Amino acid sequence: MILVLVGHTLSVRRRIVTLTVLAAVLAITLFGVPLAIAVGRFHEGMSTHDLERAADTVALAVTGELANGRTPELRPVEADEGEDRIHGIRVAVYTPTGRLLTGDGPATEDRFVREAHDTDMATGRLGDEVVLAVPVLSGAALVGVVRAAHPRSELDTRIRLTWLKMAGLALIAIGASWLIGRRIATRLTRPLEELAVTAERLGEGDFTVRTRRTGVREIDQVAEALDVTSERIGETLERERTFSSDASHQLRTPLTGLRLQLEAALESPDRDPYATIRDGITSADRLERTIDDLLALAKQTRAPRALLDLGKLFEEVRQTWHGLLAGRGRALRISGREALPARAADAAVRQVLAVLLDNAATHGRGTVTVVARDAGEALAIDVSDEGAIPDGTDPFVTEERTEEREGHGIGLRLARSLSEAEGGRLRLTSPSPTTFTLLLPAERPSPHQEGPGLAS
């Protein structure tokens with residue numbers, strides 16, 4: 001699965017790099033083509049400028065000699081030292097009649113020389129040359145024409161060299177965009193790869209895994225959602241595990257009681273079957289109530305708190321546990337039904353007492369005693385037996401209490417959590433004889449609610 005996700009991530013990385021490079025190519029094309037055209041025109045303009053400069057220089061030098069009817073002597077035209085000028089410029093001087101007087105040019109005038117008779121400058125391309133012609137005037141009289149030209153290949157070479165430099169810069173820009181695209185793709189896809197690995201571990205049942213934040217808001221939102229999902233799934237599974245453990249622990253006692261009732265009915269065929277059925281229905285009701293309590297605990301909900309009916313609660317305890325303890329040759333004593341009232345959920349207190357009585361029945365010895373008493377600002381319910389807990393042992397933590405190593409820590413931890421959820425406490429008040437005490441906030445009646453004989 002990870003290989004598939006990584007493969008998809010690599011595909012996304014390639015797409016990001018490809019799109020980045022394509023965007024760079026498109027931008028370079030859109031800007032580069034007009035720029036290349038502009039560069040070509042710039043070089044053409046520079047070529048014309050160089051030819052004009054050369055022609056004007058020669059025209060100024062030969063004007064006097066032409067006006068006096070002498071043949072001028074031309075010096076070679078060279079580019080200025082250190083300047084980027086057109087090389088290979090050839091200059092020729094023509095008479096007004098179109099005859100080559102001196103210099104390097106055609107033997108007879110061309111159209112640009114003829115056009116120069118009537119204009120300040122004539123320029124253009126002719127064959128494999130770029131030509132420019134200017135008139136030589138002495139006052140208002142035309143005494144000659146200067147023709148300057150250079151090979152067309154010189155201009156084309158310069159344009160091509162500039163275009164090659166631009167193409168090189170474009171390639172560098174495309175290479176830079178490729179590197180940037182790879183960096184961006186890595187930054188974006190690496191967190192996705194980590195998310196894929198995290199999701200894989202989450203799918204394998206590791207709900208403690210968490211994702212690293214990357215600084216990319218959208219990816220961090222996905223990572224945060226994945227973390228929340230992982231936490232919620234982990235909590236849900238933990239509640240299910242807790243429910244399974246609590247259910248197996250808490251349902252064992254009512255199921256055992258029901259089984260004993262049915263076995264007793266089988267051993268006594270003369271016994272009234274209706275009484276056995278009624279007892280079985282009562283046990284089934286208690287079993288159903290226990291399941292409802294455990295389901296509420298698994299869903300992290302609590303029953304509404306009300307004044308605790310100790311009489312009803314202790315009667316349920318007697319019906320559930322008297323037969324079980326008697327079957328093991330042990331007695332059950334209950335007292336204090338008229339103790340202080342307390343406000344708590346019957347279901348929670350019922351489950352706490354079920355845990356404590358199961359603990360006493362399984363791990364204790366002798367008579368089991370349940371006593372409700374006034375403990376100042378609290379209602380105290382003591383559940384004790386005649387057994388003992390070794391010194392230094394915490395029954396709420398340890399999984400061992402007897403030599404047979406029968407676990408009970410799950411039940412006691414459940415009882416303590418239920419007690420604290422009701423605003424009370426559960427503690428071991430005596431290791432020998434073993435006594436657990438459930439403390440619940442008492443609700444004393446106001447003075448005007450007390451009877452006349454109780455008022456001070």
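Visitor: Which residue in E10 is the bridge partner of Thr369?

Guide: This is a predicted model, in which local features need pLDDT of at least 70, side-chain atom pairs count only at pLDDT 80 or more, and totals for chains, interfaces and linings use all residues. Residues are numbered from 1 along each chain as its sequence is written, and side-chain values use heavy atoms, without hydrogens and water. Strands (DSSP runs of E, at least two residues) are numbered from the N terminus; E9 (residues 368–374) and E10 pair in the antiparallel sense over 6 bridges, where pairing requires at least two DSSP bridges. Within E10, the bridge partner of Thr369 is Ser384.

Visitor: Which residue in the turn of the E9 and E10 hairpin has a positive phi?

Guide: Most residues other than glycine have a negative phi. The hairpin has 3 residues between E9 and E10, and the positive phi, about 80°, belongs to Gly376.

Visitor: How many bridges join E10 to E12?

Guide: Leu379 has Leu440 in E12 as its bridge partner. E10 and E12 run antiparallel, and the number of bridges joining them is 7.

Visitor: How many residues of E10 are buried?

Guide: Buried means under 20% relative accessible area, with a 1.4 Å probe and protein chains only; exposed means over 50%, and partly exposed lies in between. On one side Ala378, Ala380, Asp382 and Ser384 are buried, as are Leu379, Ile381 and Val383 on the other. For strand E10 (residues 378–384), the count is 7 of 7.

Visitor: Which peptide bond is cis, with omega near -10°?

Guide: Pro433 is placed in the loop between E11 (425–431) and E12 (434–441). The cis bond runs from Ser432 to Pro433.

Key
Helices (H or I, at least four residues) and strands (E, at least two) are DSSP runs, numbered from the N terminus.
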